Amino acid sequence: MKTPFLILVILSTLSCAMTAADPLIEKADSLEQKGQFKEAAALLTNAVHNNGADSATRKQLEFELDRLDRIKKDFPLSHDDLFKELKKSIKGLTEKEFETWVAEERFDSREIDGKRWFMVSSVSNLFFRYPELNPRRSPVKDTAPIDKASWETVVAIKKAALEQHTPYVLPKRLRVEMTVTAKPNAAPDGETIHAWIPIPRRYPFQTDFQLISSSTPIKEMADENSPIRSAYLEQKARKDKSTEFRLDYEYTIDGVYFDVKPEKVRPSDPNDAVLKPFLGEAPHIVFTPEIRELSEKIAGDETNPAVKAKRFFDWIADDIKYSYAIEYSTIRNISDYCRTKGYGDCGQEALLFMTLCRLNGVPARWQTGWNLLPGGKSIHDWCEIYLEPYGWMPVDPYKGIFAMRYATSLTPEQRREVRDFYFGGLDYYRMAANSDHNQQLHPPKDSMRSDDVDFQRGELEWDHHNIYFDQYSWDLSWKEIKKPEQLQ
């Protein structure tokens, strides 16, 4: 694998190459925005095969070419396909009603080479964005059990934290099995498939990781404090057979609740070397004029960091709708995408919140992995902010949206309680693998990443070739093996 010095050289070269390739990429991007994918692909393909292009430039151009294909994978439904899918899910849907919704642009769509295509999650997103349609949903989706479990969990954690005078309470010992499975012929017969699988990093609330077993010996394991923690494995591909990578491990996870008193909060030192990286701009965290205007609208003349951050959190809970996302690697600026659309998934909402916080001098950083809530297990993103004197504390903007917009079986008071808990609180149904976004895996991939922002589903490659998400599956199962009283 590459040495650290070589990695720095490659990154430096790539940065220069991106500048050199910018005009061509901008032209291809303009063609893509106009729906002229074939022309954009032809332009990039010609540039990739230009013998004068250096290796770093070629890699950037190859990613841009692959990005076009990723976009098309996110928009696979024709007009007729979408209508057929909706007919299965919405009682009494008529063609006239559907055409009205299309005209109202209720569905994410792209013009691709002269034809309109619709986003893969269009049906689910319709219900997220227009919850008044839920009475017509078929089959009916009963969220009451998850609503109740969410509320009972936050009540228990908050109560314990206040009684014990500590933010970390009610530890659980979890046993996890995660599998990442390459489809048959995702790599040629006999080629080595390289796999990176997310594992828990160390946090004050997440400790005592123990590997129990793995499908093949682990070649390398990232440090427990890595901002993107993984276990790296290898396995030979066999013709017409799937290739399964499996990890079995245990760890301890606490519930978290910080009882923040705004009057005690002091501004962070912008010159603090530890905090400074989480105060400035970064990929997908850009202080655009529109973000500045939104910040002023929400925060007004407020100067207290805790109050400002809570205002951003509450605004997102009230004004942003949840939606399943297109792949992050296809979006140029995720936080602005979420702001512009008025909807997004958990990671897009978190990046929008982080951008508003950093712009206002509140350190903010990524925190992601899996949500393990029974009945609601999924990959999940949230974040942390730093408030003096409390330190780093979790904030989950999606859970604010969930509480105020979708947890309809709870009372208004219960919904506010759930919302407010997740500004400084975190349930014990988590596996957190990341503490920053757009980080590099260890060891680094030789090929492009399937997700260059986040890391939850695992990453695969063979001989400098990326294996994209449509060529493998992922799953995580877990069980509680020790209850809080057994861990005291």
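The model is predicted, so local features need pLDDT of at least 70 and side-chain atom pairs count only at pLDDT 80 or more, while totals for chains, interfaces and linings use all residues. Residues are numbered from 1 along each chain as its sequence is written, and side-chain values use heavy atoms, with hydrogens and water left out. Helices (H or I, at least four residues) and strands (E, at least two) are DSSP runs, numbered from the N terminus.

**Helix 9**

- Helix 9 covers residues 305–319, and its 15 residues reach 21 Å from first C-alpha to last. That is close to the 21 Å expected at 1.5 Å a residue, where the expected span is 1.5 Å times one less than the number of residues.
- Eleven of the 15 residues in helix 9 are buried, meaning under 20% relative accessible area with a 1.4 Å probe and protein chains only.
- Among those buried residues are Phe 312, Phe 313, Trp 315 and Ile 316, but also Lys 308, Lys 310 and Asp 314.
- The cover over them includes helix 8 (289–299), helix 11 (346–359), strand 12 (378–387) and helix 13 (412–421).
- At the start of helix 9, a side-chain oxygen of Asn 304 comes within 2.9 Å of the backbone nitrogen of Ala 306.

**The nonpolar cores**

- A nonpolar core is a set of buried Ala, Val, Leu, Ile, Met, Phe, Trp, Tyr and Cys residues joined through side-chain atoms within 4.5 Å.
- The largest one has 113 residues, and Phe 353, Ile 385 and Leu 460 touch the most other members. Helix 11 supplies the largest share of this core, nine residues.
- Apart from it sits another core of 15 residues, including Leu 86, Phe 98, Phe 107 and Leu 133.
- Leaving aside residues up to four places away in sequence, Phe 353 touches Ala 309, Phe 312, Phe 313 and Ile 316, among others; contact here means heavy atoms within 4.5 Å.

**Helix 11 against helix 12**

- The two axes come within 8 Å and cross at roughly 115 degrees, so helix 11 and helix 12 are roughly perpendicular (65 to 115 degrees).
- Helix 11 brings Cys 346, Glu 349, Ala 350 and Phe 353 to the contact, and helix 12 brings Pro 397, Tyr 398 and Ile 401.

**His 437**

- His 437 lies in the loop between strand 15 (430–434) and strand 16 (459–462), yet it counts as buried because its relative accessibility is 4%.
- Its side chain reaches the backbone oxygen of Pro 283 at 2.8 Å.
- Sequence neighbours up to four places away aside, His 437 also touches residues including Leu 351, Met 354, Arg 358 and Trp 366.

Definitions and conventions. Buried < 20%, exposed > 50% of the residue type's maximum accessible area, 1.4 Å probe, protein only. Polar contact = N/O pair within 3.5 Å; in protein donor to acceptor, adjacent residues only side chain to side chain. Axes fitted to C-alpha atoms, helices over the stretch in contact; angles between N-to-C directions. Parallel < 35°, antiparallel > 145°, perpendicular 65-115°, else oblique.
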